[in-house]
Every structure is written in structure tokens, then in C-alpha cells.
Amino acid sequence: MAESHLQSPLISASQFFEIWLHFDADGSGYLEGEELQNLIQGLQQARKKAGLLAHVLPTEENFLLLFRCQQLKSCEEFMKTWRKYDTDHSGFIETEELKNFLKDLLEKANKTVDDTKLAEYTDLMLKLFDSNNDGKLELTEMARLLPVQENFLLKFQGVKMCAKEFNKAFELYDQDGNGYIDEHELDALLKDLCEKNKQDLDINNISNYKKSIMALSDGGKLYRTDLALILSAGDN
């Protein structure tokens, strides 16, 4: 079914979703290596069969490409974007927050859509990137949506702690016990993490890590729930 969609000059968002699921064999939310090669080969074969250039989505529906209108120059900028749309500081981008995100993005691209179409786009984004199917996007899932030059979140995946370890570390580095970590306390935490996890983290990039993580802070105050987005793997 997915291959047949590739032969059409214009396809719907739902047909695109079928194509994506077909070629995203490991369900990672992105195409790479053999998956990308298979898609390219599929497009080439479709052009030969249909005698035309197959498009993944028609111009009026290709809202996925609109993410390129909001190019993020750094991980710090990405984290600021996350904070902007995670309005309730829940650690997730939920359906209504995601709608606001997409609406803002479309407006920046001078695109106007009605509520029905916006709801369709929101649903498609969840289907594409909500890897655990809980109806909302976590920080690592959201990272797939936004282009960043270097996804530092992937580097911290290997150093995440269980909830008990994280809480212990937070209390240790919250040296004055005021309930949040400031920039200097975070600097000490990151230096120790880099020393203990040299294969995952580069101590020469501490300043970049710090800027990105502090972008989650509230006026320079990095609270437990904010830091947990980066360093806590939850209860395990």
C-alpha cells in the first residue's frame, strides 16, 4: 500500500503517515542508513512506474517542512523553545500545547489553517513522534521534531539516573539547600558527570551543556523537575 502511494503526484497526510511507518522500520521516528536508502529507491521506482516526480506531500499539506522555517541555531535555543510550549512545566508537550506550537509555526510560515486541519496535523505529529503512545511528547521525542546542530540530549541518555539517585545528586549539588540549582552549582555537577562519563560527555563542552540546560531554568533557578528532564530516567 505504501509503495502505491509513492506513485501518486499528490497524497494526503494520512497516506504520508502510512509511507513513513513503512520505511521507518525500527520505529525511531526518523529515517537513516538503510531506511533512507529504501525510501530513495522507492521514490526512484515510483517515478519510473508513474512517469512523474512523486512528492511525499503536496505543497499545501507539507507542514512537516515548515519546521525548517524555525531553524534552531543551538541546543540552547531548542531548550528555550521547549520551555515556551511546555507551558504548565509538566515535562511533556500535551495535545493543546502541541496545537499552539503548530499554530505558531504555521503563522510564522504565513500559513492559515482551520481548527479541523490543525487538529489533523496535531494528531499526525503524535502518531509520528509519540514513541510510547501516551498521547503527549516528552523532551526526547520533541527533539526529533526540531532541527538542532548537535543533539546534546542524546549524549545525556547514557548518564541518566534512576529517581532515587537523581534526588540524591540534586540534594548534594544544591549546596545551599534553597530548592534549586544555580549556574555555579550546575557547573560543579556537570564537571563531575563529565569525569565519570568520559565516553558519553566531553568536558570541553561543559559551557555548551550548561547554557542548554540553564535555558530550562526560571530566571536562573533550575528546579528539580526541570533538571530531571535531562538527568532522571524515572523510577527503575
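Me: How many aromatic pairs does the structure hold?

Reply: In this predicted model, the structure holds 4 aromatic pairs, and one of them is formed by Y85 and F101.

Me: Why is the pair of Y85 and F101 called edge-to-face?

Reply: The planes of the two rings stand at 90° to each other, and because planes over 60 degrees apart count as edge-to-face, the pair of Y85 and F101 is given that name. The centres of the rings lie 4.8 Å apart, which meets the requirement that paired centres lie within 6.5 Å.

Me: What makes this pair a tie between parts of the chain?

Reply: Y85 belongs to helix α4 and F101 to helix α5, so the pair ties together parts that are 16 residues apart in sequence.

Me: How do you know that α4 is oblique to α5?

Reply: The axes of α4 (residues 75–85) and α5 (residues 95–108) come within 9 Å and cross at roughly 120°. An angle from 65 to 115 degrees would count as roughly perpendicular and one over 145 as roughly antiparallel, so α4 is oblique to α5. The contact is made by T81, K84 and Y85 of α4, together with E97, N100, F101 and D104 of α5, and these residues divide into 2 nonpolar, 2 polar and 3 charged.

Me: Which residues lie nearest the centre of the second largest pocket, and which element gives the most to its lining?

Reply: The second largest pocket, with a volume of about 340 Å³, is lined by 19 residues, of which G91, K160, A228, L229 and S232 lie nearest its centre. Helix α12 gives the most to that lining, with 5 residues, and the lining as a whole divides into 5 nonpolar, 8 polar and 6 charged residues.

Technical notes: Residues are numbered from 1 along each chain as its sequence is written. This is a predicted model: local features need pLDDT of at least 70, side-chain atom pairs count only at pLDDT 80 or more; totals for chains, interfaces and linings use all residues. Side-chain values use heavy atoms; hydrogens and water are left out. Axes are lines fitted to C-alpha atoms, for helices over the stretch in contact, and angles run from 0 to 180 degrees between N-to-C directions. Helices (H or I, at least four residues) and strands (E, at least two) are DSSP runs, numbered from the N terminus. Angles under 35 degrees count as roughly parallel, over 145 as roughly antiparallel, 65 to 115 as roughly perpendicular and the rest as oblique. Contact means heavy atoms within 4.5 Å. Ala, Val, Leu, Ile, Met, Phe, Trp, Tyr, Cys and Pro count as nonpolar, Asp, Glu, Lys and Arg as charged, and the others, Gly among them, as polar. On a 1 Å grid over the protein atoms alone, a cavity is a set of points where a 1.4 Å probe fits but cannot get out, and a pocket is an open set with protein on both sides within 12 Å along at least five of seven lines; lining residues have an atom within 4 Å of a point. Grid points are joined across faces, edges and corners, and a volume is the space filled by probe spheres set on the points. Rings of Phe, Tyr and Trp (its six-membered ring) pair if their centres lie within 6.5 Å; planes under 30 degrees apart count as stacked, over 60 as edge-to-face and the rest as tilted.
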